[in-house]
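This report concerns the arrangement of helices and strands in the structure displayed below. Please keep the sequence and the 3D view at hand while reading.

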Protein chains: 2
Amino acid sequence: MNKTKKVKIRNVTIGGGNPVAVQAMTKTFTSDVQKTLAQIRQLETSGAKIIRLAIPDKEALAGFEKIRQKTKSPLVADIHFDWRLALAAIGAGADKLRINPGNIGDPEKVRRIIEAARAAKIPLRIGLNSGSIPANFQPAKHRRAASLTQAALFYIKMFENFNFYDLVVSVKSTDVCETVAAYRQLSKKCPYPLHLGITEAGPGTAGIIKSSVGLGILLHEGIGDTIRVSLTDDPVKEVEVGYQILKSLGLYKKGIEIISCPTCGRCQIDVVKIAGHLETVSRGIIRPLKIAVMGCVVNGPGEAREADLGIAGGKGEGLIFKKGKIIKKVKEKDIIKNLLSLIKD
Amino acid sequence: MNKTKKVKIRNVTIGGGNPVAVQAMTKTFTSDVQKTLAQIRQLETSGAKIIRLAIPDKEALAGFEKIRQKTKSPLVADIHFDWRLALAAIGAGADKLRINPGNIGDPEKVRRIIEAARAAKIPLRIGLNSGSIPANFQPAKHRRAASLTQAALFYIKMFENFNFYDLVVSVKSTDVCETVAAYRQLSKKCPYPLHLGITEAGPGTAGIIKSSVGLGILLHEGIGDTIRVSLTDDPVKEVEVGYQILKSLGLYKKGIEIISCPTCGRCQIDVVKIAGHLETVSRGIIRPLKIAVMGCVVNGPGEAREADLGIAGGKGEGLIFKKGKIIKKVKEKDIIKNLLSLIKD
């Protein structure tokens, strides 16, 4: 992993080799304190380490002030256009601000935000998006990645000129290849933690896949200190997908990993049913555990042996493996029962 | 993209810079001709370019013979252990064979398969999996990637010694990082097309994410000529996920791409509903079309302008963009209707 500077957001430190923090953003109106707090609780339960809220106006700010009293989670205020809202959010107890300096306006207003953050000892994120690249960095066609990086480096320099270094930076594009190119360029020149995301990845499976491919490529190269998956979906889903991306690369190890064959014309047991059942019951399990559910003798015993717990299907029955050794042969109907009791052990 | 040799599977050529072919495998018993054919039709409709069937025994072989008469799709016979089944599958009209030479047994049997493939002018895939690494290549702990590559290179050499070069190679692991490492090593030394997959990626979203991350990393490096996504799920889903992975990297451009914001406390229109609706109705559309559905003024106009068609939400209304220009302001309830009629145009 690339070593970046450490940045502390309340009780969570990102950068400098710390675990990649999965963050989330609420999708309720921040002015609606009840609904927003309820969503924050869900996000906390699902494992979100940092929670961001939009503060587009005074009503949202009033909501944020109340919400701040009710949670100890690190809260990030997302502010656009209005530097006075930024100052007020810092005053209300934000643990970090995300701004796009390009839409705050003249540097003097940006400086006021920086001074307030310095006084409150909180970091700022310079958060750029392909949809809002500042006018003076507007890209030539097909050059959005370079524009994002150049704009980010320009603002980093501006903040450093104000002697402010408590920074996180993001350069999200809706396009996976652009996002990858922008972060690769940025990571070579930027010592600050990078916040990764494919912005506006969209609905359904397509959004999950775009986020997985884009963040996967970068994280595998050691780029990225915190991630936010942006789906047109329940924010809890975004957190779950974030953790699954980290898990797929060995960057997060808790919980059950199911290795299960796709089934084919050789399959001897109902792998879909068994794997689906295990997936459902295993949601709450935190201990790392690799379970293999395999339908036949081709790859079955090999994978079952490699897992902590494995089943390799035969005709109407299955061989159960534990830590590489066969411990039992059971009838197909008893497979789930047996696996569950072994998981409980 | 890495230039590999070209290999022809019936009417589909992979390698040498051809588009990455998405393949599938049937999950029915191959002996059940009706069910298998029905699944093949579904896979053909979903865009599978190459279809693989398991032939574990004589009953499956008999099924395969009949199925072969009923489809023009390239069919790959998946054979393990029994070299005589391999010969019979070639005789029955297989367009390619996938074997793991390690479980065929002595080299003389492998040679018999090679001679039959040569006579029938069909390619062979050397298909290795982490669950069935041949005994003499069994890895030391945590060295499965290197073992997979070494075994593949050993068999490639064996086939070349028999003057057979019509090859495709795969080295799939259940582990994303192992798979990436194995294919990277292999691609440096292997001139043949590579068939990519994360084997036994498992059920649900986790399987989709593992496949997206693993194949995404490799494809973005130009590694991979054909892909198969292995999910414990409907095989049509595997094909859809395969195309979405390619699309996310710009390696497949047909159909609608939805850029939609994740919504937040600034969102002014029902982005979830609009994007979900568009996703459903756009499934059958082949023409490439980028549509942005954005909830507010921060990134909305910017992304809507970049898309072929875009909507940027305001209070109870939306601005519709076409090819970068605002063409209409419509009430929220009329957004879907307007977008659909513009898509039809």
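## Basis of the report

The structure is a predicted model.

## Helix pair in chain A

Two packed helices are described by the angle between their axes and the distance between the axes. In chain A, helix α6 (residues 144-161) and helix α7 (residues 176-189) have axes that come within 8 Å and cross at roughly 35°. The crossing of α6(A) and α7(A) is right-handed.

On the α6(A) side, the contact is made by Arg144(A), Ala145(A), Ala146(A), Leu148(A), Thr149(A), Ala152(A), Leu153(A) and Ile156(A). Helix α7(A) contributes Glu178(A), Ala181(A), Ala182(A), Gln185(A), Leu186(A) and Lys189(A).

## Sheet in chain B

Chain B contains an open sheet of eight strands, ordered β8-β7-β6-β5-β4-β3-β10-β9, with parallel pairing. Strands β8 (167-172) and β9 (195-196) of chain B each have a single partner strand and stand at the edges, so one side of each has no neighbour in the sheet.

Within chain B, strand β5 (residues 75-79) pairs with strand β6 (residues 96-99) in the parallel sense, over four bridges. Ala77(B) has Leu97(B) as its bridge partner in β6(B).

## Helices across the strands

Helix α3 (residues 83-91) of chain B lies across β5 and β6 of chain B and runs at about 170° to β5(B). Helix α7 (residues 176-189) of chain B lies across β8 and β9 of chain B, and runs at about 150° to β8(B).

Notes:
Residues numbered from 1 in each chain as written. Chains lettered and ligands numbered in written order. Predicted model: local features only at pLDDT ≥ 70, side-chain atom pairs only at ≥ 80, totals over all residues. Heavy atoms only, no water. Axes fitted to C-alpha atoms, helices over the stretch in contact; angles between N-to-C directions. Helix = DSSP H or I, 4+ residues; strand = E, 2+ residues; numbered from the N terminus. Left-handed = near helix turned anticlockwise from the far one by under 90°. Contact = heavy atoms within 4.5 Å. Pairing = 2+ DSSP bridges.
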